[in-house]
Amino acid sequence: MNLKQTALLKKNTPQERIIKYTEADNTESRLTFSTLFNSKLSSKSTLRTGVLVENFGIKSVERDRTKQPDNDGDGDPDLFTFTDIDENLSIIQPYIQGQFRLTEKLTLNAGLHGQYSTLNEQFVFEPRAGLSYKVNQNHRFSFGYGLHHQPVPLPLLFLNEDVNGELVQTNLDLDFVRSNHYVLGYDVRISKGWRGKVEVYYQDVSKAAVEPFSSSYSSLTEGANFGFENDRVSLVNEGSGFNQGIELTLEKFFSDGYYGLLTTSLFESKYEGSDGVERNTPFNNGYVANLLAGKEFTIGKAKKDVLFFDTKLTVSGGRYFTPVNLEASQSAGFQVLREDLAFSEQNDDYFRWDVKFGYKINSKSKKRSHQFYVDLQNVTNNENIFTRRYNRLTNQVDQVDQIGFFPDFGYRFQF
């Protein structure tokens, strides 16, 4: 990705000018290798072992003037080099797992997963296990536990910090973020073609990256704005958080010309920065519900052509966000957030309804078809919010909405 952006400074003044404000040139390549070996130890137990190797080639140059001082005295914020890297790293994941039928009704799945990063030579073991108890053909209970690790996002690891005039990657030695997962589930076969499922889960997160001084920041909140902050340096693995909730699923498998799927999740997502204050994560919507349904009608003399209808309905609580400090932003010339009130305000609820219908013509003698469809997205034209951000030109906080009603027409040929 190559990006260059300019900015208009001192608008409507004699000093008005356009300068290069942001420059980014990022390239990432990935090479993946995996292998596994299956062995049947007996009629009641199997064993699988293998390894997954991912190699990343990363080239990144990012320069920006946001929040920068004017050290060279040219009247403009300096263009600071936040990243300038050409790195090659690998994540190696060996594993061994087995399935053991302890009784006719009780099955154990257990294993050990490993993870090694060549970037800073970290290696961790991750035990995982799951028990499944099949009461009868229609009812099953399950319990699972797993220890998981993941690296701090790469854009944070490679950030530069100016240390006595030298650019240093002070986040490079951060450890993996660790989380313990617990899941309790119940599956029920309601009737022919219908299935229900309930899952209760808890995720305990530790060793998240936070700032070394009292702050509301945590790497667990990164990605909420589809980007990463470039001024979070000298981080330490002392943050924590948790996710907990319940998920309900009702599914009608496709039969008799129709299908349906209803999923609902009620949850809570919290974190703590280095200030020790428990806050909402931006993803603490509270609830999400999705409804998918579709119906097909066979028509024509040969009953090969299909008239179909599909719909999808999504509702959820709004995301949490950090309010903009408008007065400080106007004074600084760039967005300044109220970090003492991090993720204290919530957007309005999200609602979207999509409708799709069409006609499929199937060949009588060959495996090919022609399909014509109309996809009406966000048919209610609901104005779901995308973000709120400070606008330097208007000196106000602007709201940006997601796309409204959008019709899509298409044709598909399959053979």
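Entry 1. I started with Ser132, which touches Lys105, Leu106, Thr107, Arg140, Phe141 and Ser142 when residues up to four places away in sequence are not counted. Contact here means heavy atoms within 4.5 Å. I note that this is a predicted model, in which local features need pLDDT of at least 70 and side-chain atom pairs count only at pLDDT 80 or more, while totals for chains, interfaces and linings use all residues. Residues are numbered from 1 along each chain as its sequence is written, and side-chain values use heavy atoms, with hydrogens and water left out.

Entry 2. I placed Ser132 in strand β6; strands (E, at least two residues) and helices (H or I, at least four) are DSSP runs numbered from the N terminus. Ser132 is buried, because its relative accessibility is 16% and the cut-off for buried is under 20% relative accessible area, with exposed over 50% and partly exposed in between (1.4 Å probe, protein chains only). I found a polar contact of 3.2 Å between the side chains of Ser132 and Arg140. Such a contact is a pair of N or O atoms within 3.5 Å; within protein, one must be able to donate a hydrogen and the other to accept it, and residues adjacent in sequence count only if both atoms are side-chain atoms.

Entry 3. I moved to Lys134, also in strand β6, which covers residues 122-134. Lys134 is partly exposed, at 36% relative accessible area. Outside four places in sequence, I listed Lys105, His139 and Arg140 as its contacts.

Entry 4. I turned to the aromatic rings. Rings of Phe, Tyr and Trp (its six-membered ring) pair if their centres lie within 6.5 Å; planes under 30 degrees apart count as stacked, over 60 as edge-to-face and the rest as tilted. I get 8 aromatic pairs by this rule. One of them is the tilted pair of Tyr116 and Phe123, with 6.4 Å between centres and 45 degrees between planes. Tyr116 is partly exposed at 25%, and Phe123 is partly exposed at 41%. Tyr271 and Phe343 form an edge-to-face pair, at 6.2 Å and 80 degrees. Tyr271 is buried at 1% relative accessibility, and Phe343 is buried at 14%.
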